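Here's a quick walk through one model, from the chain contact down to a helix pair and a sheet. Have the viewer open as you read.

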Amino acid sequence: MNENDVVLLGRALREHGVAVTPAEVVAAVAAFAVIDQADREEVFLSLRSVFTARIDDFPIFEELFAKYWKRLPEKHVERAGFSKTTLKERPGAPQRGLAYFLEHWSSSRGEDGEPLKVPGASETESAAAKDFSAFGKEDLDEVARLARRIAKRLARDPSRRWRPVRRGSRINLRRSLRQSLSTGGEVIALSFKERKPKRTKLVVICDVSGSMDIYSRLLLQFIYGLQNSFAKVESFVFATSLSRITGYLRNKTYENALERLSAKVRGWSGGTRIGESLAAFNTDWLRRIDKRTVVIILSDGWDTGEPEQLAQAMAQLQRRAGRVIWLNPLLGSSSYAPATRGMQAALPHIDVFAPAHDLASLRALEAHLVL
Amino acid sequence: MREEVQQIKSLLEEQVYVTDAAVATALYLSMTLGKPLLVEGPAGVGKTEIAKVLAKALNTKLIRLQCYEGLDATTALYEWNYPRQLLHIKLDESSPTSEAEKEATIFSEAFLLKRPLLQAITEHGRAPVLLIDEIDRSDEEFEAFLLEVLSDFQVTIPEIGTITATHRPHVVLTSNRSRDLSDALRRRCLYHWIDYPSLEKELAIVHARVPAISETLSREVTQIIQQTRTMNLSKVPGVAETLDWATALVALNATQVDREVLDETIGCFLKDEADIAVFKAEPRVYADERE
């Protein structure tokens with residue numbers, strides 16, 4: 001391995017989605033110059049600490065490093081799971097669901113009105129949701145606008161009210177003068193004030209399993225809108241397991257976000273394990289939930305896991321969160337009753353149980369988000 | 001392995017810190033390239049300890065900035081000591097000095113309260129170790145401000161002027177990953193991940209830090225802790241808990257961990273009622289003890 005390989009390794013990492021900028025490459029070459037270049041472990045550890053910035057980057061680094069250490073030409077580095085070309089060349093996805101849409105978003109733009117088939121769900125549900133599948137481009141834009149409006153309302157800068165604080169940028173004259181009486185009218189201790197902040201945080205957990213396919217596309221747009229106009233949003237998706245997508249949606253164009261997500265969608269549109277996914281969420285993220293957090297779960301409640309686990313996870317979540325909102329698209333149908341085992345288990349631990357099948361229902365959500 | 005890396009390793013080991021090549025390499029690069037080191041990992045694996053040990057090993061000062069939600073520039077950087085300024089004005093009221101002179105006096109360094117970041121920059125003698133602890137707890141605004149300081153190591157105080165670091169501090173940042181840090185900050189730092197130690201490493205840590213412990217007891221303690229970490233707990237015990245527990249067992253003159261001793265001291269490493277229930281429901285823990 002020589003300096004050249006270090007640069008190439010940096011480039012390969014960037015191609016595989018690790019945030020490597022020229023600055024890192026410069027630092028890596030600098031690091032390479034001051035270490036024992038024959039010691040594989042040392043080179044590995046050094047370059048890893050420079051090139052990666054989070055533990056999630058470690059596996060891909062390890063893999064690519066191994067190739068470059070042996071100085072293999074770059075084409076050997078391509079890996080099925082990471083390569084974009086194999087993604088596109090994959091023969092037609094069996095379902096035209098979210099995963100399909102994500103993988104083909106570029107070619108399917110402009111034919112947004114084309115109905116999507118509902119996989120695996122029973123007849124009544126697909127009937128209730130048919131209007132959704134015919135959602136046109138304007139409607140998607142409307143969803144995005146709605147999301148931005150809700151987000152603005154949540155983030156609306158510091159509230160009008162002041163509160164006294166121990167230290168701040170604005171002097172609380174009234175208090176300072178009042179306090180100065182105790183020192184004979186001499187102002188010695190100043191008190192300060194600041195605007196009361198609004199600190200509502202949002203956590204959105206979206207079900208992207210097969211039975212949710214037709215809604216997920218729209219809801220994803222909704223989450224994308226929220227994520228990009230409101231800083232305090234964390235978003236997750238789950239089908240059989242949970243993955244965090246906050247970073248994929250933030251500060252990207254919608255197309256760009258979809259492209260990045262498409263690399264991740266394998267395993268989406270499969271079965272649903274809500275309880276397990278929520279338990280996984282609790283393990284890693286429950287610490288971040290507090291009374292100022294609104295948790296929104298978007299799911300139809302079709303769970304193939306254990307209802308006890310779901311109930312337990314929901315109870316834990318509700319104890320910590322300011323409000324737990326469960327949006328069930330099926331609730332829009334008049335014939336629907338939340339009778340599934342999963343839904344039954346979760347119901348006692350939900351603060352707001354609302355439909356999410358059309359624009360009106362999303363609009364109604366706004367009122368529930370302000371704590 | 002490069003000699004310097006080996007040196008750092010042995011320096012750390014002199015300070016009773018059980019380390020590995022990864023930590024030593026990261027520290028070596030951080031010092032050589034002058035880049036801050038970002039250390040991530042679960043709670044209680046000794047992230048903060050790295051900075052402390054480094055300061056001791058380099059025989060230099062440790063300056064610590066503990067982050068929390070709402071931490072702002074005044075608490076982290078500097079602040080004017082206004083009560084003192086006010087008093088000074090009052091005492092000086094009758095003196096004939098001019099307005100300008102008075103102002104120059106009260107905005108001099110004597111009236112400046114240096115907070116950790118400014119302290120680290122103005123430290124004389126040798127470069128200090130600046131520990132920015134639990135950066136994930138601070139707000140995003142503060143993170144942006146920190147970026148600015150970490151890139152130039154200079155601070156501008158309007159009344160005094162620009163202060164540039166005489167010695168670039170060795171910066172160590174720690175994060176528990178409760179919030180995702182910005183890419184900008186991550187990019188500026190070298191990255192190091194500390195995980196829970198392996199059984200062998202944890203044993204070595206216990207022996208290094210609790211020298212009075214017997215071989216059998218330490219093995220039992222670490223084995224139980226390692227097992228505990230695989231359970232589904234809300235608060236997984238870290239190395240700090242292992243050491244607490246080992247110390248407690250030594251203090252109680254325990255020779256082995258039987259059921260009774262375990263019940264008495266379980267609070268040393270499990271700090272949550274529900275977790276204790278999970279632990280006790282696990283059959284293998286007690287089963288192992290009865291053998």
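## Where the chains meet

How many residues does the contact take from chain A and from chain B? It takes 32 residues from chain A and 27 residues from chain B, where two residues are in contact if their C-beta atoms, placed from the backbone, lie within 7 Å. On the chain A side, α2 (22-33), α3 (40-51) and α13 (246-249) are the elements that give two or more residues. The top contributor there is α3(A), with 6 residues. By class, that side has 16 nonpolar, 6 polar and 10 charged residues; Ala, Val, Leu, Ile, Met, Phe, Trp, Tyr, Cys and Pro count as nonpolar, Asp, Glu, Lys and Arg as charged, and the others, Gly among them, as polar.

A word on ground rules: this is a predicted model, where local features need pLDDT of at least 70, side-chain atom pairs count only at pLDDT 80 or more, and totals for chains, interfaces and linings use all residues. Residues are numbered from 1 along each chain as its sequence is written, while chains are lettered from A and ligands numbered from 1 in the order in which they are written.

## Helix α1 and its partner

Helix α1 of chain A runs over residues 3-15; helices here are DSSP runs (H or I, at least four residues) and strands likewise (E, at least two), numbered from the N terminus. Its 13 residues reach 19 Å from first C-alpha to last, close to the 18 Å expected (1.5 Å times one less than the number of residues). Buried in α1(A) are A:V6, A:L8, A:L9, A:G10, A:A12 and A:L13, buried meaning 20 or more other C-beta atoms within 10 Å of the residue's own, all placed from the backbone. Their cover includes α2, α3 and α4 (58-69) of chain A. Just after the helix, A:G17 takes a positive phi of about 90 degrees.

The axes of α1(A) and α2(A) come within 10 Å and cross at roughly 150 degrees (lines fitted to C-alpha atoms over the stretch in contact, with angles from 0 to 180 degrees between N-to-C directions). A:E3, A:V6, A:V7 and A:G10 in α1(A) meet A:E24, A:V25, A:A28, A:V29 and A:F32 in α2(A). That contact divides into 6 nonpolar, 1 polar and 2 charged residues.

## The sheet

Chain A also has an open, mixed sheet of 6 strands, ordered β6-β5-β4-β7-β8-β9; strands pair if DSSP finds at least two bridges between them. At the edges sit β6 (242-244) and β9 (352-355), each pairing on one side only. The twist averages 20 degrees from one strand to the next.

Within chain A, β4 (201-207) and β7 (293-298) pair in the parallel sense over 6 bridges, with A:L202 opposite A:V294.

How values were computed
Buried ≥ 20, exposed ≤ 12 C-beta atoms within 10 Å, placed from the backbone.
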